[in-house]
Amino acid sequence: MKQEKIFGVVFRLLRPFWPVVVFATVVGILGGLATAWLLATINAGLHDGDTISFSLLARFAGLCVLSVAGTAISGAINSIFGQRIIAALRKDISARILRAPIAALEAHRSWRLMSVLTGDVDTVSAFTFNFSGYAIALAITIGSFAYLLSLSTVVFLLAVVSLALGIVINMISQRAWIRDYQEVRVAQDELHKQYRAITDGAKELKISRPRRERVFGVLLSGAADRIAALKSRAMRLHWIADAAGSAVFFVMIGLLLACRKQLGIDNAVISGAVIVLLYVKGPVEQIAGALPVFDQARISFARIAALSAELDQHEPNIPLLADTGGNAPIPAIQSIELRGVTYAFSARDDIAPFILGPIDFTIHAGELLFIVGENGSGKTTLIKLLLGLYMPQQGSLLHDGIVVMPEDRDRYRQLFSTIFSDYYLFDDLVYGALPEEAGPHLQRLGIAHKVRLQDDHFTTTDLSTGQRKRLALVQAWLERRPVIVTDEWAADQDPDFRRVFYEELLPELKAQGRTLIVISHDDRYFHVADRIVRMENGRIVEDDRVQRPRLVEGEVP
Ligand SMILES: Nc1ncnc2c1ncn2[C@@H]1O[C@H](COP(=O)(O)OP(=O)(O)OP(=O)(O)O)[C@@H](O)[C@H]1O
């Protein structure tokens with residue numbers, strides 16, 4: 001990823017806050033400079049004879065107020081806006097994730113996203129929280145050195161040489177730290193992956209001792225220990241550099257005291273220089289201590305910016321804040337068509353990519369369509385294309401005969417309620433659903449004794465696997481959208497309910513005018529479909545209307 005692009009993203013994120021951040025920093029710098037001037041005033045007071053003049057006292061008081069107020073105001077503003085920047089960052093990344101094409105999100109592993117959303121954003125947060133402190137420390141250092149120069153060129157040069165030595169020592173330790181910190185972030189990604197394994201895979205790990213030992217003993221502990229080793233090596237180096245820097249400072253003060261006669265420096269200058277040098281040692285160490293934090297923040301910022309840039313190809317017209325749901329009319333369809341559509345996953349390693357298509361295929365409103373075929377034949381990929389989640393690489397998706405353009409995709413997707421095989425169960429109802437209808441549906445799906453709707457939330461989602469899927473179906477039912485898409489919905493249902501689903505619920509939904517696209521392996525129930533589309537190796541190999549025997553008058557179907 002190019003540096004300019006990273007900086008572009010960083011600047012864009014910070015832009016709304018520039019004026020206030022600059023103001024806080026300027027106030028902090030003024031406070032820092034006032035502190036340095038205060039030191040000069042104290043030194044002047046020490047050598048002002050027996051009585052201290054009023055003007056000196058007034059200057060002392062004024063500088064005290066400036067120093068204290070500047071530091072406090074700058075710190076307060078900075079921490080408020082530091083937190084706002086972090087909130088903006090969190091929202092920006094989340095918005096990018098919501099607007100990114102599904103294929104781009106699938107290419108990212110979820111633990112990588114979580115690692116950026118938590119680890120990297122927190123690191124940047126820690127830095128911004130202290131930002132004004134660093135600016136003030138820098139201002140005190142610059143002001144103090146300016147005062148040293150006004151006192152004596154020799155003292156100033158000596159101080160500059162010792163500071164330069166300290167900087168060189170710190171830079172050497174810093175370089176090692178930057179190299180290590182990149183590795184720390186890689187290990188942190190691995191740690192997040194293993195955190196997911198021990199939470200999402202808790203049951204499997206209870207049952208499989210070898211896997212548990214490998215996950216904990218090798219992978220998780222390995223990542224945690226690697227991070228600890230790298231960070232403690234970095235901190236050791238940092239403290240050694242810090243101690244060496246301090247030693248250089250004290251040696252310089254010693255030199256000044258020992259050689260003041262030879263250097264021709266009088267006592268007033270020496271006392272002023274020593275006061276300033278001893279005072280400025282704190283801010284200098286604060287800046288040196290900030291360098292690792294600064295580097296971590298820089299690397300984390302680069303990772304955030306890289307992720308932001310990778311997710312930059314967002315889909316157009318995806319509203320996130322506008323409250324559009326409540327009054328939006330329920331959209332209607334006549335037909336959905338895939339015309340000459342192909343889609344290929346990118347090749348990984350030496351494995352040939354899966355290619356779907358070319359597909360020509362039309363669904364008409366009110367159809368009860370089954371998509372069937374072996375595992376891996378492309379059924380889920382086909383519905384992701386139908387839903388407008390994957391973009392056809394060739395050909396087009398049409399709604400009522402009109403090509404669905406990128407800017408219309410979000411509106412088009414509002415036609416559908418979906419229950420994927422890896423669905424996410426939300427515990428609330430959103431606009432479009434009528435809460436008062438929930439009870440009968442929960443009853444109908446046999447879960448009314450377990451879960452109710454309270455306000456717009458279901459009382460629980462702690463249900464069995466099959467019951468959770470029934471709750472997802474209740475939600476799809478209540479959403480009143482014209483097309484319902486289910487991917488192996490009945491796979492977790494008991495035989496009785498499986499029959500209810502195919503022979504009662506699907507026909508009932510169809511009778512209400514819904515279009516139903518059902519991925520199924522249940523060949524016992526294929527007869528309920530109006531039409532069966534069979535997939536094989538990414539192609540449609542059969543597309544048949546189901547022939548039902550004509551009923552003789554008075555015959556019960
Ligand atoms: N994100 C992905 N990246 C790369 N290849 C993928 C991805 N998702 C699916 N595939 C590949 O595409 C092929 C079709 O997958 P798809 O999920 O569409 O099959 P399916 O017919 O729904 O299978 P199943 O009945 O097992 O659910 C598979 O061979 C799979 O390996």
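Two strands pair if DSSP finds at least two bridges between them. Keep that rule in mind for the sheets later on. Helices (H or I, at least four residues) and strands (E, at least two) are themselves DSSP runs, numbered from the N terminus.

Now the model. This is a predicted model, in which local features need pLDDT of at least 70 and side-chain atom pairs count only at pLDDT 80 or more, while totals for chains, interfaces and linings use all residues. Residues are numbered from 1 along each chain as its sequence is written.

I start with the record. UniProt, in an unreviewed entry, places the feature "transmembrane region" at residues 20-40, 60-81, 124-148, 154-172 and 239-258. UniProt positions are given in the numbering used here, feature names are shortened, and annotations may be inferred rather than shown by experiment. Two of these spans can be described from the coordinates. Residues 20-40 are 100% helix and 0% strand, with end C-alpha atoms 30 Å apart. Residues 239-258 are also 100% helix and 0% strand, and there the end C-alpha atoms lie 28 Å apart.

Next, helix packing. Two packed helices are described by the angle between their axes and the distance between the axes. Here axes are lines fitted to C-alpha atoms, for helices over the stretch in contact, and angles run from 0 to 180 degrees between N-to-C directions.

How does helix α3 pack with helix α10? The angle between α3 (residues 54-99) and α10 (residues 267-310) is about 30°, and their axes are 9 Å apart. The two are therefore roughly parallel to each other; angles under 35 degrees count as roughly parallel, over 145 as roughly antiparallel, 65 to 115 as roughly perpendicular and the rest as oblique. The crossing of α3 past α10 is left-handed. That word applies if the near helix is turned anticlockwise from the far one by less than a right angle, and right-handed applies if clockwise. On the α3 side the contact is made by L89, D92, I93 and R96, and on the α10 side by I304, L307 and S308. Contact means that the C-beta atoms of two residues, placed from the backbone, lie within 7 Å. These contact residues divide into four nonpolar, one polar and two charged. For the classes, Ala, Val, Leu, Ile, Met, Phe, Trp, Tyr, Cys and Pro count as nonpolar, Asp, Glu, Lys and Arg as charged, and the others, Gly among them, as polar.

Helix α2 (residues 18-46) also meets α10: the axes come within 9 Å and cross at roughly 150°. This crossing is right-handed. From α2, the residues L39, I42, N43 and L46 meet S271, G272, I275, V276 and Y279 in α10. By class, the contact of α2 with α10 has six nonpolar, three polar and no charged residues.

On to the sheets. Strands of a sheet pair through backbone hydrogen bonds, either parallel or antiparallel.

Another open sheet has six strands, ordered β6-β9-β10-β3-β11-β12, and its pairing is mixed. Strands β6 (416-419) and β12 stand at the edges with a single partner strand each, so one side of each is left without a neighbour in the sheet. The twist averages 15° from one strand to the next.

With β10 (residues 515-519), β3 pairs in the parallel sense over four bridges, and I371 stands opposite I519. With β11 (residues 531-536), β3 (residues 368-373) is also parallel, over five bridges.

Strand β11 runs antiparallel to β12 (residues 539-545), and six bridges join them. Across this pair, R531 stands opposite R545 and I532 stands opposite D544. The two strands form a hairpin with two residues between them, and N537 in the turn has a positive phi of about 50°.

Last, a helix beside the sheets.
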